[in-house]
Amino acid sequence: MNKNIPINRVILEEGAERYSLTSEILRRVPAAADLITGVKPEDPCGVDDCSQDMDKNSLRLLDFPGEMLKACPGTTNYICCGYQILHVGTNCPLDCSYCILQAYFNQPSLRIFVNLEDKIKSILNVIDNDPNHIFRIGTGEFMDSLALDPIVDWVNLLLPSFSTRKNAVLELKTKTEHIDGLLSSPLRDRIIVSWSLNSPHVSSREEHRAPSVRKRLEAARRCQMEGYVLGFHFDPLIEHPGWEDGYKKTLDMMDELIDPEGIIWISMGTLRYMPDLKYIIRKRHPQTHILDGEFVSGLDGKMRYLKSIRIEMYAYMKSLLDQWHKDLGLYLCMESDEVWQAGMGWSVKTSEGLSDYLDNRVVKIFGTYKP
Amino acid sequence: MRNYLTGCNRMDAKQIRNYETATVALDQVEMGPGPFCMSFAFDQESLRHSISRIGLLNQPFLAKGQGDGKMHIVAGYRRILVCKSLGMKAVRSAILHHDAFPPLDCLRIALYDNLATRKLNDVEKGMILSRLLIHTDQDELLQHYMPLLGLPGRRSMLDYFLRLEALDPETKTSIALGRLSPQSVRLLFDLSQAEQKSLAGWIDKLMLNANYQKQFIDFIIDISIRDGKSISDLLAEPLFTQGSEKGSVNPPQRAKEILDHLRTRRFPRLVQAERAFQRALSHLTLPKGVRIRQPSNFEGPGYSMEISFKDGPGLLQKIKALQSAHDLTLIGIQGRQKQ
């Protein structure tokens with residue numbers, strides 16, 4: 001997506017105006033954008049049918065009353081990694097056909113929690129009060145971590161707090177090239193910049209408004225050259241005609257642009273979705289082919305590829321990635337012990353096992369921490 | 001005589017008073033389903049029987065049109081159709097003048113008349129809400145009229161009923177007669193009228209229950225998109241046009257045949273794995289009355305076994321037989337390999 005984020009409307013919920021982040025954001029939004037103030041939280045502001053229109057050109061600034069740091073809900077009956085979500089906003093200006101956020105019917109617009117600064121102190125307290133625990137924290141679960149950074153400047157807000165925490169890492173997960181904020185920051189420690197990757201075929205057809213895979217990797221290269229630790233996420237892996245060649249092209253580009261030594265982890269997860277999302281996807285993206293595969297109901301109620309297909313895809317990806325470098329911190333997102341074993345050739349066995357594995361990656365890359 | 005509704009803002013607080021009555025020639029009445037009509041897919045027989053025996057008991061309400069001088073039926077559409085079909089030339093009617101009864105009031109009269117006398121089908125509810133929406137806003141529909149129709153005042157529900165109006169007439173008939181489930185109807189919304197008609201026609205023909213309807217539509221749409229083949233082309237394939245391979249079969253048998261075929265086409269690898277598993281099982285020396293099942297969709301971690309037995313000794317005998325069936329050790333391995 002272009003760095004000129006197409007915001008044509010800013011909605012200020014009641015109470016949002018008293019935060020300094022609101023004033024800073026208002027200074028950065030395009031001058032031509034309409035400003036609507038004093039909006040009640042329940043007012044959809046004219047977006048009656050979110051299933052069709054996610055209102056991605058409106059920025060909605062609000063005082064978020066809930067907890068901003070929470071454990072990733074993960075999923076039941078599969079192995080999860082024990083990630084922590086720093087919930088700084090919801091929705092994203094990109095429009096990937098597979099995005100789960102499409103199912104959040106009652107939440108149109110790009111929502112930014114402007115009370116983040118007020119909450120950050122208590123979040124840091126939680127981290128500091130549990131020194132034996134390594135907090136792997138990310139902002140990219142309910143939105144792209146950097147897509148709106150040119151307007152919100154989260155980097156400047158978050159990096160000083162997290163780069164000084166020795167029992168935490170902050171992962172900024174993105175599909176964009178919005179790295180100017182990162183590059184202008186002097187802070188590197190405990191910060192991971194991650195890119196979500198796919199085959200060029202999937203990227204160009206299904207990840208609407210997102211930059212090409214090459215552009216993402218070029219942005220990653222610049223960050224790496226400037227000293228940032230990188231992560232990558234092949235999630236969702238999507239079966240499509242020629243998928244093996246497609247994903248190999250992406251790995252070839254990684255080989256060309258990225259030094260594998262500076263990667264903390266690479267996750268993989270095949271496409272999965274709640275059953276109702278299928279109909280939303282069909283409605284919002286009638287041309288998509290992501291639903292063509294053989295999806296069956298998983299143990300968590302989500303639709304996933306037939307196990308044999310998942311194993312085949314993971315095994316293929318692992319063999320390619322292993323050829324590139326032997327120590328990339330590969331892991332599977334929301335998979336079973338059996339699939340780990342068959343697809344990866346080994347298994348973390350349990351969610352605790354995966355959590356330990358990733359914590360060890362943190363220690364390996366950022367150094368030993370003793371409370 | 002002046003006709004008017006008393007009360008103020010809300011229709012349900014108003015009452016009709018002092019309306020004029022007159023004998024109206026039926027050729028002066030617009031017979032098509034006009035702007036106030038709320039009837040769809042109805043059975044005229046009992047009404048015909050009643051009117052032919054004892055005459056018209058309740059007079060229809062007609063509105064005097066502004067332009068063509070024709071009368072529009074406000075309430076009593078079915079009664080007038082029956083009277084006409086019985087050869088009656090005129091009926092005594094209540095006449096509503098447009099200056100005293102604007103269209104929204106006429107719609108309300110029609111609505112309450114219908115609510116008081118019969119159960120409305122979903123298509124009729126959609127007609128009512130669509131017609132009301134011309135004269136009032138969505139919030140009023142959600143808060144006032146949907147509860148009147150026995151519907152929850154949710155926007156998604158309103159959207160559903162409003163969209164029914166645009167469906168193909170034969171599809172609407174299937175809905176009105178309760179042959180198409182709301183879940184299936186939602187899947188048809190974004191298809192062309194021809195596609196809706198074809199799919200609804202097959203659902204009718206195969207007498208599919210709600211669960212099978214959804215499967216059927218899902219399979220057809222998924223295959224159509226995946227294979228780049230139109231729904232019409234798919235439904236013109238021999239599977240549908242040439243009848244059953246087994247000769248004469250009843251609708252449920254035919255339904256199973258078609259759904260099995262579509263499932264195999266939609267999930268070729270899953271079906272292949274299921275068949276391979278069944279083949280492998282058939283080679284095992286299982287005692288009679290013992291069944292082994294694969295995990296659902298091969299997703300779960302374990303297989304299950306069911307043993308049917310008459311009594312304790314019978315059970316013991318089967319357990320002993322299972323203990324000596326050494327080829328059972330192949331089950332997990334075979335399942336994984338064949339999948």
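Author: The bridge partner of G138(A) in β10(A) is E171(A). The two strands concerned are β9 (residues 135-138) and β10 (residues 168-174) of chain A, which pair in the parallel sense over four bridges. Two strands count as paired if DSSP finds at least two bridges between them. Helices (H or I, at least four residues) and strands (E, at least two) are DSSP runs, numbered from the N terminus.

The model is a predicted one, in which local features need pLDDT of at least 70 and side-chain atom pairs count only at pLDDT 80 or more, while totals for chains, interfaces and linings use all residues. Residues are numbered from 1 along each chain as its sequence is written, chains are lettered from A and ligands numbered from 1 in the order in which they are written, and side-chain values use heavy atoms, with hydrogens and water left out.

β9 and β10 belong to an open sheet of eight strands in chain A, in the order β4-β5-β9-β10-β11-β13-β14-β18, with mixed pairing. At its edges stand β4 (69-71) and β18 (330-332) of chain A, each pairing on one side only. Neighbouring strands in this sheet are turned by 25 degrees against each other on average, direction ignored.

Two helices lie across parts of this sheet. Helix α2 (residues 116-128) of chain A lies across β4, β5 (84-86), β9 and β10 of chain A, and runs at about 155 degrees to β9(A). α10(A) lies across β13 (229-237), β14 (263-270) and β18 of chain A, at about 160 degrees to β14(A). Axes are lines fitted to C-alpha atoms, for helices over the stretch in contact, and angles run from 0 to 180 degrees between N-to-C directions; contact means heavy atoms within 4.5 Å.

The peptide bond from D235(A) to P236(A) is cis, with omega near 10 degrees, and P236(A) is found in strand β13 of chain A. M334(A) is not a glycine but has a positive phi of about 55 degrees; M334(A) is found in the loop between β18 and α11 (337-344) of chain A. Most residues other than glycine have a negative phi, and most peptide bonds are trans.

The interface with chain B comes next. The contact takes 26 residues from chain A and 22 residues from chain B. Between them the chains bury about 2,000 Å², 45% of it on carbon and sulfur atoms; buried area is the accessible area (1.4 Å probe) that two parts lose on being put together, summed over both. There are 13 residue pairs in polar contact across the interface, both at pLDDT 80 or more. A polar contact is a pair of N or O atoms within 3.5 Å; within protein, one must be able to donate a hydrogen and the other to accept it, and residues adjacent in sequence count only if both atoms are side-chain atoms. The rule for salt bridges (a side-chain nitrogen of Lys or Arg within 4 Å of a carboxyl oxygen of Asp or Glu) finds six across this interface. In one of them R310(A) pairs with E299(B), and the closest N and O atoms are 2.7 Å apart. On the side of chain A that touches chain B, the elements giving two or more residues are α9 (277-284), β16 (295-297), β17 (303-305) and α10 (307-324) of chain A.

Chain A also has an open sheet of five strands in the order β2-β1-β3-β8-β6, again with mixed pairing. β2 (34-39) and β6 (89-90) of chain A are at the edges with a single partner strand each, so one side of each is left without a neighbour in the sheet. Strand β1 (residues 9-13) of chain A pairs with β2(A) in the parallel sense over four bridges, and R9(A) stands opposite D34(A) in β2(A).
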